[in-house]
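Here is a short briefing on one protein chain. Look at the strands and the aromatic rings as you read.

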Amino acid sequence: MARIGYHASHEQYDPRTLCDLARRAEAAGFAAIKCSDHIQPWSTRQGHSGHAWTWLGAAMATTTVPFGNIAAPGYRYHPAVMAQAAATLAQMFPGRFWVALGTGEALNEAMTGVAWPDKPERNARLRECFDVMHALLRGETVTHRGRVTAIEARLWSLPDTPPPLFGAAATEDTARWLGGWAEGLLTLGGDPANVARVLAAFREGGGEGKPVHVQQTISWADTEGRAMANALDQWAPVAIGGEINWDVRRPSDFDLLGQFVGPDHIGRSVRVSADPGLHRADLQAIAELGVDTIFVHNVGRNQQAFIDMAARELLGGVG
């Protein structure tokens, strides 16, 4: 059976509130929690962006479920620094932490002042960072000179078992490319047919038998009107889609783009519905693809109401 997890959105809540939501989600029956590593929100209306790695230590200390994080090494974080953070969490909380490595967005990484590269170059940098982190987490001393540089790097506090390094992919091409070397896949939900194609590509590329996590983005509220209003208010800038999401640098610019996203467009990125049965059917269809965990991100501010609804309608009912 696929586990149903809770996505903790740093872009939308301050760290203290988000830690409380993580505890509430576990108490309601969510079997896992994940977050993403941002330094800026997608929209000025979201309004937050706490430090994910600091938050993970606090949140994991007051819960018992597994946690994951998606982050981009090689820009804000040297891969050795990210490997050290991952090793510390895995040592403190054995068997409870994984990290997905992605190619990043200018929104979060261009602040370092480097020229923001195209996707092939970002892919190449990601692969180098993965190799450095993978070796460090296994106790090796690493010297690497390339797109990133590490000279006699070593981690001194290691977990008994290294945390798995997943790869993040939104497209079939990326999923196929990382299937042979990433230790698992994190991808987006939505149309189960699209998810199936991404999973097939990952498995064809060498990912057969490796764990798969899916993030399912929804907007649920007690009425259809509120569900749509929440989606447009909080997630319209993200729903613009395409390469724009990776290349725009400022939340205010995303807000300008979000003005062009209407009810029809946002449905391509967010499942908007007040019907718990529809959301449960979506989760069931994705679970049947053979995934390990589905992390549900409800984009509205109505998190406690969503957690309560999920406890009644979603958790325990997906096979």
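**Charges over rings**

Arg154 sits over the face of Trp156, 3.4 Å from the ring centre. Keep in mind that this is a predicted model.

- Arg301 lies over the face of Tyr13, at 5.5 Å from the ring centre.

**Aromatic pairs**

- The count comes to 10 aromatic pairs.
- One of them joins Tyr75 and Trp116, with 5.1 Å centre to centre and 50 degrees between the planes. This pair is tilted.
- Tyr75 and Trp116 link distant parts of the chain, 41 residues apart. Tyr75 is in the loop between strand E3 (67–71) and helix H3 (79–92). Trp116 is in the loop between helix H4 (106–109) and helix H5 (119–136).
- Tyr75 counts as buried because its relative accessible area is 11%.
- Trp177 and Trp181 form an edge-to-face pair, with 5.0 Å centre to centre and 75 degrees between the planes.
- Trp177 is partly exposed, at 31% relative accessible area. Trp181 is buried, at 12%.
- Ring pairs also link Tyr6, Phe30 and Phe306 into a cluster.

- In strand E7 (residues 165–168), Leu165 and Gly167 point one way. Phe166 and Ala168 point the other way, and all are buried.
- Strand E4 (residues 97–101) runs parallel to E7, joined by three bridges. Leu101 has Gly167 as its bridge partner in E7.
- Two bridges join E7 to strand E8 (residues 185–188), also in parallel. Here Gly167 stands opposite Leu185.
- From E7 the chain crosses through helix H6 (residues 172–178) to E8. This β-α-β crossover is right-handed.

Note on methods
Residues are numbered from 1 along each chain as its sequence is written. This is a predicted model: local features need pLDDT of at least 70, side-chain atom pairs count only at pLDDT 80 or more; totals for chains, interfaces and linings use all residues. Side-chain values use heavy atoms; hydrogens and water are left out. Buried means under 20% relative accessible area, exposed over 50%, partly exposed in between (1.4 Å probe, protein chains only). Helices (H or I, at least four residues) and strands (E, at least two) are DSSP runs, numbered from the N terminus. Two strands pair if DSSP finds at least two bridges between them. A crossover is right-handed if, with the strands pointing away from the viewer, the path from the first strand over the helix to the second runs clockwise. Rings of Phe, Tyr and Trp (its six-membered ring) pair if their centres lie within 6.5 Å; planes under 30 degrees apart count as stacked, over 60 as edge-to-face and the rest as tilted. A charge sits over a ring if NZ of Lys or CZ of Arg is within 6 Å of the ring centre and within 35 degrees of the ring normal.
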